[in-house]
Structure formats: structure tokens, C-alpha cells
Amino acid sequence: MLSPDPWLNLKRRHFLQSTACGLGGMALSSLLARDGLAESGALNAVNPLAVKTPHFKPRAKNVIFIFMSGGPSQLDLFDPKPQLQKLHGQPVPESFLKGIQDALIKTTAQVMASPRKFKKYGAAGLDFSDNLPHLGTCADDLCMIRTVQTDVSNHHPAQMLMNSGSTMFDRPSMGSWVTYGLGSESENLPGYVVLLSNSGKGVDGGSSLWTNGILPSTYRGVTFRSRGEAILYLSNPEGVSPAMQQARINTIRDLNAQRFDQVGDPEIASRIAAYELAYRMQTAAPDLLDFSDESKATLDMYGIENETTNWFGSNALLARRMVERGVRFVQLYHSTWDDHSNLDKNLKTNCEMTDQPCAALIKDLKQRGLLDDTLVIWGAEFGRTPMTEVRRGSSPGREGRDHHPFSFTMLMAGGGVKAGTVIGKTDDLGFHPVEQPVHLHNLHATILHQLGFDHTKLILKHKGLDYRLTGVEGEVLDMLLA
């Protein structure tokens, strides 16, 4: 008979073959159970996404991460620099480039002033350019972090670092870590969902950004579509009735259970749960995509009827509907903000597609009482330089900016973060932080803290090593918290 605890199903021979440090594994299992990370019982054997208890009382229950792939220019959106206007067209002063170790930063580059106009919003006077008039109206609910730092300046590894805390391909994404630690409150939808934009530009890192890595496949991000079939091939083919489908699922489950009984592989439990979740989703997914129960005012707020904002607006509205239904981690991707040339034109296009829906999401969550326990994050893998891009040319009116990992802007809202405030200050060119630098490992530690985790204890033991989202670094930043 199948035990609810996968370790109890191991045959003695298989146990000895596959376990080099069996007593250590037992000790780890005990410690994880004590910390609420490894629950035993029938529910968890059938459902690896069963709700789990964090280390302490959380401020946030869900996360919506709006990932603007490619690196939006913080200097043209959030961080106005009058000194750029004074030095426009001149070489960057050597004092700003001293000690820079970056293959993409060229000392011959010229300072580039922003062509955008800025306005202060909210009680604290947060700066937003004229490209983001809608997000500006959310200033009193936003924490603007101007001094985020990362370690690499190439897209794919930088995106992996921001999403998984590492540039290694086998590391779980943040959404995978969160669902591994907390499970999901949704019975009919995945715990971790990914929504992609229709900008025509793919995400550099692709599916490696929402991978489960060394975690069981249950915790991988599931990509949804915002129209048509939410997931391809989810619906039954013609001629297959619900009764026939249920019988097939039951048979597959029995076969998987027999194999699980033989070898005790936890990945088989993930496979069982995936089949059963897919069966339940056949009813839940069409209902999720049906906006007929939303008011016209809500649809207009997200820009659903506007061709420019329709796709990203639909994804933003889906994100709200998902957290309402208990989905733990939702990630929206929009590509690409990689503006090495034609920055002003391209930035306007991307902002027109995303600004209104992003603001609508924050306002909608707030008016429904969901923002308090939903952490919303807006950001990317890095920012853009204060100088023009020299590799692609700098024709007047077609200038762009290069990659900038040293100090860039991210936004957070809800989930117990400090609202209506600016964290950090950059130098006169926006090149380096001069106050309150925020490394991404510390950002990850703070996000996990808001979800109720001591980031040093959210650990996976794999091949004798301890893995965690923050690696061997990271500290919680109290300055971000309400």
C-alpha cells in the first residue's frame, strides 16, 4: 500500500543504492519538518502544492512580479538628472568611470540627457517621466528603489540572476522557491503561473527564468495564454467525454502509484499531481479567462478594449484573478526594453503598452483589499547607462543606452513594503549609488521575509550541498519595510 510519506516507500535495496548519507537525509527531513518545509501526511503525498507553514507570520501571501525584460532606462522613467542636461554630448568625466570593470562600458561614450519631462507625484514627490502618467498616480502606494545593483551585464545571465539568484541553469526560480516553501491555496490552478506579452520580442532567458531547476517539476512555472486555450492541449479531443477522461486519469494514477510504491521517487508524486491538476484545470481555466463577470469600468481601467493595451492589460487582469483564486506566484513578462538605439521611440511604445495596465493592477488590488497581502514587483535585470551607446552608432534622434548593472530602479507595492517612499540616491549622472545601495541578493532576502521566511533556512539539500535562493549572501533590508 502506498504510504503518504515518500521516504517510507523506499525498498531497502533501493535505499542503500541511492542514499550515500542516509542518516544525514533523515536529519534533514526532520529539520525541514520542524521548520514547516516538509509536511507529511496523505494530502502532501497526493498534492505537493499543499499549503505549508512559513517560519513566521507573513506580511504577504502572494507575489505578482512584473518583469520588464531587457532593462528599461531608469534615467528616462524614474531618476531625472539635471547634470545630464548640462553635460549632454560631452565625454563622461573620468571620475565616474574609475575602477569600472565592465566590457560594455566604453570610456569614449558621451553623456546623453533624457529627452523626457518629469513630474513629481504623491505626498513624497516620487519622480515619473511623461511616459508613465498612470503609474505616477499610484505613487502613494509605491516604494521606488533607485539603487538596485546586480553582478552581470549580459541579458540572459542577468535575467537568471534576478529570477533565481544565480547564473547557473539548474537553480530554481524565485516562483519555484516560493511555491516549494508555501505551497498554493489554489486547488484548480498551478501555484506558479507565467504570462508572456505579445510584443513580438521573446524573453532572452526563455523558460530558464521560470524553471524548477533541482526542485521537483511540480514547482516549475506554468505558462498561460490570455486568450483561446489557456494551455495548449488541455481540453479533451473530440469524442472524449469527461467520464472517459476521468477513467484514463484514474488508470494513469494507479500505474504511477504502483511505480511510486516500488521506488519511492518523489518526482512520481509530482507527476500524479500534475495529471490531476490538469484534469481540474479543464474546468477552472476557461472560467479564469472569461471576463464577462468583470464590470465595464474594470475592463476600461485595464485597457482591455484598446488594441495597444489589450494584451498586457489582459495579463494584468488575469494576474489579479489568479491571486483571487489562490495562485501563489504570478509573473508577467514584457519584452524587450533593450534600447541600444531609438531609445526614446521604443520606450514610448513599451510604456504605452504597459503603463495603464500596471497602474490598473495596483489600484484594482487595493480597492478589493488584496494589496495588503499581495507583493507587487516591477523591474528588470538591469538598467541603462547615462551615456549613449557607442557600438550601434549615435545618430541624432536615434540614440540609445547600453546595459547598466551598477544602479537601476525597481518598484514594489503592497505586501508590507514602505509605501510612498524613495529608497536610495544615485550620483549626479545616475551612474553609482551614493546612498542605500540595494543588491539583488538583499532584495530576494527581503521578498522572502515578507512571505514569512528566514531566507537562510529555506533550503534544498541536493547532492550533499545546501541550496537557497540567496546563495551564501543576502540580508533583509528593514528600510524597505513598513
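1. Setting aside neighbours within four places in sequence, D130 is in contact with R116 and K117 (contact means heavy atoms within 4.5 Å). The side chains of D130 and R116 are joined by a polar contact of 2.9 Å. A polar contact here is a pair of N or O atoms within 3.5 Å; within protein, one must be able to donate a hydrogen and the other to accept it, and residues adjacent in sequence count only if both atoms are side-chain atoms.

2. A word on what you're looking at: this is a predicted model, with local features needing pLDDT of at least 70 and side-chain atom pairs counting only at pLDDT 80 or more, while totals for chains, interfaces and linings use all residues. Residues are numbered from 1 along each chain as its sequence is written, and side-chain values use heavy atoms, leaving out hydrogens and water.

3. Back to D130, which sits in the loop between β3 (126-129) and α6 (133-136). Helices (H or I, at least four residues) and strands (E, at least two) are DSSP runs, numbered from the N terminus. D130 has a relative accessible area of 36%, so it is partly exposed; buried means under 20%, exposed over 50%, and partly exposed in between (1.4 Å probe, protein chains only). K119 is 11 residues from D130 in sequence, and their C-alpha atoms are 7.3 Å apart.

4. Next, have a look at H404, in strand β10 (residues 403-404). H404 counts as buried because its relative accessibility is 0%. A polar atom of the H404 side chain lies 2.8 Å from the backbone oxygen of F431. Not counting residues up to four places away in sequence, H404 touches Q74, F382, G383, R384, T385, P386, G430 and F431.

5. How many of the 11 residues of helix α14 (residues 440-450) are buried? The count is 10, so the helix is largely enclosed by the rest of the structure. Among the buried ones are L440, H441, N442 and Q450. The buried residues of α14 pack against β4 (142-149), α7 (155-164), α8 (174-182), β8 (374-379), β11 (408-413) and β15 (438-439). After α14 comes G452, with a positive phi near 95°.

6. Helices α10 (residues 266-289) and α12 (residues 310-324) pack at about 130°, their axes 10 Å apart. Axes are lines fitted to C-alpha atoms, for helices over the stretch in contact, and angles run from 0 to 180 degrees between N-to-C directions. The pair is therefore oblique: under 35 degrees is roughly parallel, over 145 roughly antiparallel, 65 to 115 roughly perpendicular, and the rest oblique. Where they meet, D287, L288 and L289 of α10 touch L318, R321 and M322 of α12. By class, this contact has 4 nonpolar, no polar and 2 charged residues (Ala, Val, Leu, Ile, Met, Phe, Trp, Tyr, Cys and Pro count as nonpolar, Asp, Glu, Lys and Arg as charged, and the others, Gly among them, as polar).

7. Some backbone spots to check by eye. The S335 to T336 peptide bond is cis, omega being near -10°, and T336 belongs to the loop between β7 (329-335) and α13 (343-367). N342 lies in the loop between β7 and α13, and its phi is positive, about 50°, although N342 is not a glycine. N342 counts as buried, at 17% relative accessibility.

8. K463 is not a glycine but has a positive phi of about 50°. Is K463 buried or exposed? At 76% relative accessibility, K463 counts as exposed, and its place is the loop between β16 (460-462) and β17 (465-467).
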